[in-house]
Amino acid sequence: MQVIGSGGTPGASSKILIRGNATFTGENQPLIVVDGVPYDNQTLGSVAGDYPFNANLNGVNNSNRALDLNPADVESVNILKGPAAAALYGTRAANGVLLITTKKGQKGLSVNVSSSVALDEVNKLPELQMLYGQGNGGGSLTSDAGTYAGNTPNSWGPRIGTDGVPEVARAYDNLDTYFERGVTWNNNISVSMGNESTTLRLSYGNSNQTGIVPNTKLNRNSFRLSAESTHGRFKLSGTAAYANTKDTKAQNGSNLSGVMLGLTRMPTSFDILGGPGANGYDTRDGQSWTYFSAYDNPLWSAYNNPQTGDVDRITGNIAGTLTLASWLDLTARVGADAYSDSRKQIFAVGAQDPPSPVGEVWENVKNRMEVNTDLYAAFKPQLNGPIGMTFTLGTNLNTRRDDDAFSRGRNLAVPGFYNLSNASDLYNSQTTVEKRIAGIFGDLNLSYANQLYLNLTGRNDWASTFGADARKKGFFYPSANLSWVFTELLGSNNQGLSFGKVRLSYAKAGIEPAPYRTRTYFVAPFITDGFTDGLGFPYGGQNGFSLSSRLGNADLEPELNTTYEAGVNLKFLNNMIDLDVNYYISKSSNLLVLRPLAPSTGFDEIYTNIGAMENKGWEIELGFHPISKKNFKWSIEGNFTRNRNEVTKLADGVDEINIETAFASIGSFAIVGQPYGALFATKWARTPDGQLLIRANGLPQIDPQRGNVGNPYPDWTAGVRNMFEIYGVSINALFDIRQGGDLWNGTFARLNRLGRTQASADRGKTYVISGVKITGTDDDGNPISDGTPNDIEISANSYFSNYVGDSGSAAVEQTVQDGSWVRLRELQLGYTIPMRGNKYVKGVNVYVTGRNLWLSTDYSGVDPETSLTGAGSNVGGFDYFNMPSTKSYIVGLNLSF
């Protein structure tokens, strides 16, 4: 399992992948199930209907909605890998399931109180030079220092402290000034009570967080009630939860109002708090105090361009089980998940991110409703002899509805009044998406002599997103799992091998298409020019629609994910050593691909089922428990995972699929023979043996063909946990390792070009790029070399702009970096205070925890565990002025009464 964060700001999303990507255009994250009911975990941005670009590249770090679940209410989390879980939980389980069970009431009366405080600091930042100030001309062949110039992002100016240039009199550490120490308080209280027939648990939790970025914060209040009662043959249970989550976010990424864009490009000679206004980051009239008119001061932006959110969420379920006989139970369960997400984004008059600095306000309301109904019978016949059997037969109905209402106002008449009535240019869009799925499923478990186990499942679903014929037919997907505990044949006297089990499994899951792909719809047309946000309808007070250029396909079939697994679980020396090894092959077929159409048809493209992809991998877990005494326990646990992904088929006539629109110089693609999401970009031209071809100006030649410059997914990951428990004192250390996983460090490339990186401070010398000189061209006009080594000197400015920077003559290949790391993910010291004989206090536990305390990586940007596009995207490996991650110091107390 791989978890990828998008930054260390409050509420920033985290993406989860189990065994790699399984679909081109759909959801690749696992389904979250809480107490048997699906729990929505979407990551949704606020996007106007007339916005034609990829909003994941800028804006704010949006939250994934698992954020609304209080961790203090969680009893256990089980990870179900692969499509085998789909029989019980439907098509969304094709990518695996995070099965969460919440805490329930217990017999008697108990009260639990917990409180913790965390101090958060920036984990890793780009290294910036503090020797040269704002300006141009520095790093030339004749001089390291340049001339001061205002209103430029360049830091190729004079040396700091140059006589007669007051604008570069001193250096300012603006990164240190900007970032704050974040504080997070978590407080929880729960009451549990019950007797032999009825139990109840009520909990309240509050999380209050301030972020490392000024004016970013999150506050969550959550309540949960769980009850269970048994009366004769009837058992009734239910949960009800309410959460209110409020947050304030700052601008991020490829964004002229973005925090890291304006902050890291800021010349060291500029004082972020040097403005004449009341706050230091503003002018006397309240505008942004900035070094370059196209960028907002990041402090001014944090306070003047925030996005606020207010989520109210209600989840719950009620289930009843009737025992008709000792061998037959009937269960009915209804669960619901509903929330309203109200967001407001403001851009002050003068802000640079909207199309023009005239002020802007957005109002966005997202409503989600999901109802899940299960009705099933569990058969548990009492068979004579060594054979055991259970069988479950049931039906499932699921309906989902998402509503999104977006309103925007531009050209604010009164500065500071962020209301749509204050705008002269109004726009609104609305989207409603509905989906319904009905299914029947069966689950058969057979056992023989407590050593041979067979599990068979099957499910048939009917989904509303198909065309009429496929909707009537439905689609079926089965699974089979066979395991053998072979040590049962060896008897209990076998001391070397305590336990041994081998297993084989086969599972298939069908995935329905997204809604509204079977018909051709009318849409509001728009045109773009690459420089502005484009033009669309309504325009000039007139509305307009045209037939979509994407042709609907009523014959769409389900995508299929088929997995084969083999594994072995071994325990040695009375369970002192525990080894679990698993190998899997997962084949995704019938994947939806946009196939181009001849323009003469009147359409550009159509969805078809023709793509294919494959994942292969190893999962290894090893546990060593050398000491297990009453007052002294020591365990070491490790895991290793490796996944290899390859796109094996696309539609005829389709060479590549652009997963999402990205940057002009680099994108994330699905290409046959390459891993899904491979980074394709401009590359250097090379000789057959890999040497750079150098032009007469001393710079390498760009290859006219773009190519694969990296794979954003790791070669392998591993973790090692070391645990001690000595007379109530516990020590827990977790090391996390990732090998491979490339990132495009677009931040580093741009900062090199601007002269802001620490490396670019070495500008008092010339540079010679290793390679061979171009000495001619072949018959096709391609450059060739006779092997003469390059000896052409170039200036520091040219080297950092045109070779390791991102000017038009630089290849993106140069700034794709290895994102490997070794980190101390967690270190915890705890002590459980003995409370024997105390009739009021049952338990006291205090602990100190550090997270991300140490990181070793060659990556030159922020923490390489980062994602510009967040969990709501299938793109990975982009770092373009991403928010930094954090390290945390936590002190906590748990009390039970």
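N411 sits in strand β15 (residues 387–412); strands here are DSSP runs of E with at least two residues, helices are runs of H or I with at least four residues, and both are numbered from the N terminus. The phi of N411 is near 65 degrees, a positive value in a residue other than glycine. With 33% relative accessibility, N411 counts as partly exposed, a label for anything between buried (under 20% relative accessible area) and exposed (over 50%), using a 1.4 Å probe and protein chains only.

A449 also has a positive phi, about 55 degrees, although it is not a glycine. You'll find A449 in the loop between β16 and β17 (452–463). At 28% relative accessibility, A449 is partly exposed.

## What you're looking at

This is a predicted model, where local features need pLDDT of at least 70 and side-chain atom pairs count only at pLDDT 80 or more, while totals for chains, interfaces and linings use all residues. Residues are numbered from 1 along each chain as its sequence is written, and side-chain values use heavy atoms, with hydrogens and water left out.

## Patches on the surface

Which residues make the nonpolar surface patch? They are L383, I387, Y448, L452, L482, W484, L489, V502 and L504, and the patch covers about 800 Å². Patch residues have over 30% relative accessible area and no salt bridge; nonpolar side chains (Val, Leu, Ile, Met, Phe, Trp, Tyr) are joined within 5 Å, like charges within 9 Å. The areas come from the Shrake-Rupley method with a 1.4 Å probe, and for residues only the protein chains shown count as cover. A salt bridge is a side-chain nitrogen of Lys or Arg within 4 Å of a carboxyl oxygen of Asp or Glu.

The elements giving two or more residues to the nonpolar patch are β18 (475–484) and β19. Y448, one of the patch members, belongs to strand β16 (residues 423–448) and is partly exposed, with a relative accessible area of 43%.

There's a charged patch as well: R436, R471, K472 and R519 gather in a patch of positive charge on the surface. Lys and Arg count as positive and Asp and Glu as negative, with His and the chain ends not counted; a charge is placed at NZ of Lys, CZ of Arg, CG of Asp or CD of Glu. R519 lies in the loop between β19 (497–511) and β20 (522–523), and at 59% relative accessibility R519 counts as exposed.

## Aromatic rings

How many aromatic pairs does a search of the whole structure find? The search finds 33. Rings of Phe, Tyr and Trp (its six-membered ring) pair if their centres lie within 6.5 Å; planes under 30 degrees apart are stacked, over 60 edge-to-face, and the rest tilted. Y51 and F53 form an edge-to-face pair, 5.7 Å centre to centre with 85 degrees between the planes. Both count as partly exposed: Y51 at 24% relative accessibility and F53 at 33%.

Y767 and Y799 form a stacked pair, 4.3 Å centre to centre and 15 degrees between the planes. Y767 is in the loop between α6 (746–754) and β37 (772–773) and Y799 is in helix α7 (residues 796–802), so this pair ties together parts 32 residues apart in sequence. Y767 and Y799 are both buried. Elsewhere, F270, W289, Y291, F292 and Y295 form one aromatic cluster.

## S867, a buried loop residue

S867 lies in the loop between β42 (843–856) and β43 (878–879). Is S867 buried or exposed? At 7% relative accessibility, S867 counts as buried. S867 and I784 are 83 residues apart in sequence and 39 Å apart in space, C-alpha to C-alpha.
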